[in-house]
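Reader: Hi! I'm new to this one, could you walk me through it?

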Amino acid sequence: MAGVKATKLYSPQLLGLAAGLASYPLSNASQLTGEARSRTCGSSIELVVDCRDDGSVERIGMQVTACAIGQASAAIMAADVQGRSAADIMAKTREVEQWLSGEGELPDWPGFDALAPALAHPARHGALMLVWKAASNALSSR
């Protein structure tokens, strides 16, 4: 990919984010569920979402079986998803897809810049997208 600076993929920041998933446990009592699997690497996610009366996200939980990129992406999304609407999440999912395809800018989401090195590693794109696809699927079923 032209213009992409080679940087260390698994930085201490990224690995630290991956460890943060313990803060978002999966719950069997949640309202909505979503799943996603990466065809490129086999990584997967099971995700649950509880929504407020206005449809915004109140709580998210997940079980992620993925590389550190997939885990970090999930932790980044989960850390700032509370209060966001289904439309917000679906729009951000499209932004992430556009960025990964080289047709858009780095998505504006708190902490997302930690994932910037993954752009130069197409084999990790599927894992990075897991949480965004699973959340969009769950919220679109509401």
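**Confidence, sheet and helices**

Author: This is a predicted model, and the protein chain has a mean pLDDT of 91, with 95% of its residues at 70 or more.

Reader: Where is the pLDDT below 50?
Author: That is over residues 1-6, a stretch that has five contacts in the model beyond near neighbours in sequence. Where pLDDT is low, the predicted coordinates should not be read in detail.

Reader: Okay. And which elements have the lowest and the highest mean pLDDT?
Author: Helix H1, residues 12-19, has the lowest at 82, and helix H3, residues 86-100, has the highest at 97.

Reader: New topic: what order do the strands of the sheet come in?
Author: The order is E1-E2-E3, three strands in an open sheet with antiparallel pairing. From one strand to the next, the twist averages 15°.

Reader: How many bridges join E1 and E2?
Author: There are six bridges between E1 and E2 (residues 44-51), in the antiparallel sense. As an example, threonine 33 has valine 48 in E2 as its bridge partner.

Reader: Nice. Back to the helices: at what angle do H3 and H4 cross?
Author: Roughly 155°, and the axes of H3 and helix H4 (residues 125-140) come within 9 Å. H3 and H4 are therefore roughly antiparallel to each other, because an angle over 145 degrees counts that way. The crossing of H3 past H4 is left-handed.

Reader: Which residues meet there?
Author: From H3 they include Ile89, Met90, Val96 and Trp99, and from H4 they include Leu128, Met129, Trp132 and Leu139. By class, the contact of H3 with H4 has 11 nonpolar, four polar and three charged residues.

Reader: What about H2 and H4, how do they pack?
Author: Helix H2 (residues 68-79) packs with H4 at an angle of about 40°, and their axes are 6 Å apart. H2 and H4 are therefore oblique to each other, and their crossing is right-handed.

Reader: Who makes that contact?
Author: On H2 it is Ile69, Gly70, Ser73, Ala74 and Met77, and on H4 it is Ala127, Leu128, Val131, Trp132 and Ala135.

Reader: And how do the residues of that contact divide by class?
Author: The contact of H2 with H4 has eight nonpolar residues, two polar and no charged ones.

Key:
Residues numbered from 1 in each chain as written. Predicted model: local features only at pLDDT ≥ 70, side-chain atom pairs only at ≥ 80, totals over all residues. Heavy atoms only, no water. pLDDT = per-residue confidence, 0-100. Helix = DSSP H or I, 4+ residues; strand = E, 2+ residues; numbered from the N terminus. Contact = heavy atoms within 4.5 Å. Axes fitted to C-alpha atoms, helices over the stretch in contact; angles between N-to-C directions. Parallel < 35°, antiparallel > 145°, perpendicular 65-115°, else oblique. Left-handed = near helix turned anticlockwise from the far one by under 90°. Nonpolar A, V, L, I, M, F, W, Y, C, P; charged D, E, K, R; others polar. Pairing = 2+ DSSP bridges.
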